[in-house]
Amino acid sequence: MTLKNTSEAELMVRVGDIDACNDENAATNGYNPFTQIKQYLHSSDSWTEAPLAPEGTDRIYVGSMIEETDADNDSYSNLHYKWRKGEGNYPCAKGALTIKMNYESSSINVKNALLQFAIHDFQADHFDANYIVSLNGRDAQFIAEILNQVEQEAKDVCIISAIIPSSFYNEIASGKLVIKIDETNGISDGHVIDFVKLLVNYDKSIFTCHVTGFVGGAAKATVRLLGTSTTVTTDDGGMFTFEAIQGMNIVRASADGYIEQYDFGIVWSTDTEWEPRPFLPERKGTPDLDFSKFAATEAWSKASGWAAEGLNKALEWDLIPDVLKGADMTKPINRAEFAAVCVKVYENLSSSKAQPAAKNPFTDCNDLEVLKAYNVGLAVGTSSTTSSPDMLLNCEQAATMLTRVHKKVMLNGWTIDTDSQFKLDYTKPAPFADDNLISDWAKDSVYFMVANNIIKGIGNNKFAPKNTTTAEAASNYANATREQALIIAANMVENLNVNAILKLVLSKVS
């Protein structure tokens, strides 16, 4: 099934029926893997042949390394063993589990993508199985990691979700996606896929649930939600909060000098059932998955020749957020994208990780980077309840947000609410010819940025703080482009980072 412009995404592709692995009683018993509110247990005795089911779905698989004599690890591998011996008409298949997706994608510009699997009886954690996953022949370790930490002894059918990294966007955009799942340890772990669902350019806000947990044994532990590269740090009490997709979710907790631990559970669409509580024992652990290797090989798809030097600095200093990797840098930047840039600059100058706001005040945005910028004090909304993430950014807004980064890093005690109590130390340059067009709330920031050679005018002694006519708005006269935003971010790190280092040294001396 392929649908375009749904409430979920610009493109939705599903292979397989939503029937709890060809169980005729599933629908009448309230089976809905997307909400997980009512879970459905598939009996190991209720298997019937499903000849019309797409390849890879509604069939019991064991890994291709399994020996013909292997059986009895669990009920499903035993059914597979009987099927191989010709003793039953069970729905089984040999070799790696393979799902093939074919869809029309020529009009789609991939900005994000999500794969969802309705999985059944994966028990890698119990049997010490090792699953590998590939997309169009390329190793997809970020999906395999989830399957290798799942424990489904209860025979329920659950959704797992994996955000697709930007380096796979060309595979998604090709219109042909071949997914292969195999077990390489030769373990008799019978497993089934009910269906696989691909969402391209999905609406992130409709998939968000709230998860709160606790890590014991280590202070300030790092917690990552599998299927994503997103990490958070526990607070002083060991607590952490995540925004997750409904279904089965898994977290990895780690800290220096401790062995990493995983925990998994079901997250409902309407409430939180699962509260992960991993405990970290002392001893040297294993390094986490390196998600940088899944980043796009091209940092941007298009950029102006004059911007190359500045963009390369931004790339070298890790100032390009995920949302802009592989993007057309000549396009105007919106508020959400620039919030992500500001977070990167803040993390570079402060040598600390920004954390998202625990409570989202916005009704029109659930972007994690926006919530980080809001929590740190780098960005405010366009109202008390709106963020306007898609609104294009103008030059005076860019100057103001980056100045807040400087204030947050350099001025002890500074917050948005106490801003008027702090004075920036700089020599104000001569006013621009269009100084009268600069908003009063932005003037100090604009001239501070200019004084520190971070931002320049557009020529003829003009700054172009904002669009003032419909013609200017139509031509994006005062709107910053992505490459301009990243270059001024790089300028800020280059020109002000010395001060940040000096401040850090002095604080240690005192």
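**Reading cores, spaces and backbone in a predicted model**

Biologist: How many residues does the largest nonpolar core have, and which of them have the most contacts inside it?

Modeller: As a general idea, nonpolar side chains tend to be buried together in soluble globular proteins. In this predicted model, the largest nonpolar core has 59 residues. Phe338, Val345, Leu402, Val405 and Met492 have the most contacts inside this core. Two or more core residues come from each of helix H5 (308-316), H6, H7, H8, helix H9 (440-451) and H11. A second, separate core has 48 residues, including Val13, Leu97, Leu198 and Ile250.

Biologist: With which residues is Met492 in contact, once its neighbours within four places in sequence are left aside?

Modeller: Met492 touches Val345, Leu349, Leu402, Val405, His406, Met449, Ile454 and Asn497. Among these partners, Val345, Leu402 and Val405 are also listed with the residues that have the most contacts inside the core.

Biologist: What pLDDT does the chain average, and what percentage of the residues score at least 70?

Modeller: The average pLDDT is 84, and 87% of the residues score at least 70. Residues 499-510 have a pLDDT below 50, and beyond near neighbours in sequence this stretch has 8 contacts in the model. Helix H11, residues 482-509, should be read with that stretch in mind.

Biologist: Which residues are buried in helix H1?

Modeller: The general idea concerns the geometry of a helix. An α-helix has 3.6 residues a turn, so residues three or four places apart point the same way. In H1, which covers residues 75-84, the buried residues are Tyr76, Ser77, Asn78, Leu79, His80 and Arg84. They pack against strand S4 (113-120) and strand S9 (192-202).

Biologist: Is Lys372 buried or exposed?

Modeller: The cut-off for buried is under 20% relative accessible area. Lys372 has a relative accessible area of 10%, and therefore it is buried. This lysine is found in helix H7. Leaving aside neighbours within four places in sequence, Lys372 is in contact with Val343, Ala354, Gln355 and Pro356.

Biologist: What is the volume of the largest cavity, and which residues line it?

Modeller: Rolling a probe the size of a water molecule over the atoms shows where empty space is left. Here the count comes to 1 cavity of 30 Å³ or more. The largest cavity holds about 70 Å³ of space. Its lining consists of Arg335, Ala336, Ala339, Phe362, Val370, Tyr374, Ala379, Val380, Gly381, Ser387 and Met401. By class, 8 of the lining residues are nonpolar, 2 are polar and 1 is charged. Helix H6 (335-350) and helix H7 (368-376) each supply at least two lining residues, and H6 gives the most, with 3 residues.

Biologist: What is the volume of the second largest pocket, and which residues are the closest to its centre?

Modeller: The second largest pocket has a volume of about 470 Å³. It is lined by 19 residues, and Ile455, Lys456, Gly457, Gln484 and Ile488 are the closest to its centre. The lining comprises 12 nonpolar, 6 polar and 1 charged residues. At least two lining residues come from each of helix H8 (395-410) and helix H11 (482-509). The largest share, 4 residues, is that of H11.

Biologist: Where does Asn453 lie, and what is its phi?

Modeller: Most residues other than glycine have a negative phi. Asn453 has a phi near 55°, a positive value in a residue other than glycine. It lies in the loop between H9 and helix H10 (470-474). Exposed means over 50% relative accessible area, so Asn453, at 55%, counts as exposed. Asn461 also has a positive phi, near 55°, and lies in the loop between H9 and H10. With a relative accessible area of 44%, Asn461 is partly exposed.

Notes
Residues numbered from 1 in each chain as written. Predicted model: local features only at pLDDT ≥ 70, side-chain atom pairs only at ≥ 80, totals over all residues. Heavy atoms only, no water. 1 Å grid on protein atoms, 1.4 Å probe; cavity = no way out; pocket = protein on both sides within 12 Å on 5 of 7 lines; lining within 4 Å. Points joined across faces, edges and corners; volume = space filled by probe spheres on them. Nonpolar A, V, L, I, M, F, W, Y, C, P; charged D, E, K, R; others polar. pLDDT = per-residue confidence, 0-100. Contact = heavy atoms within 4.5 Å. Buried < 20%, exposed > 50% of the residue type's maximum accessible area, 1.4 Å probe, protein only. Core = buried A, V, L, I, M, F, W, Y, C linked by side-chain atoms within 4.5 Å.
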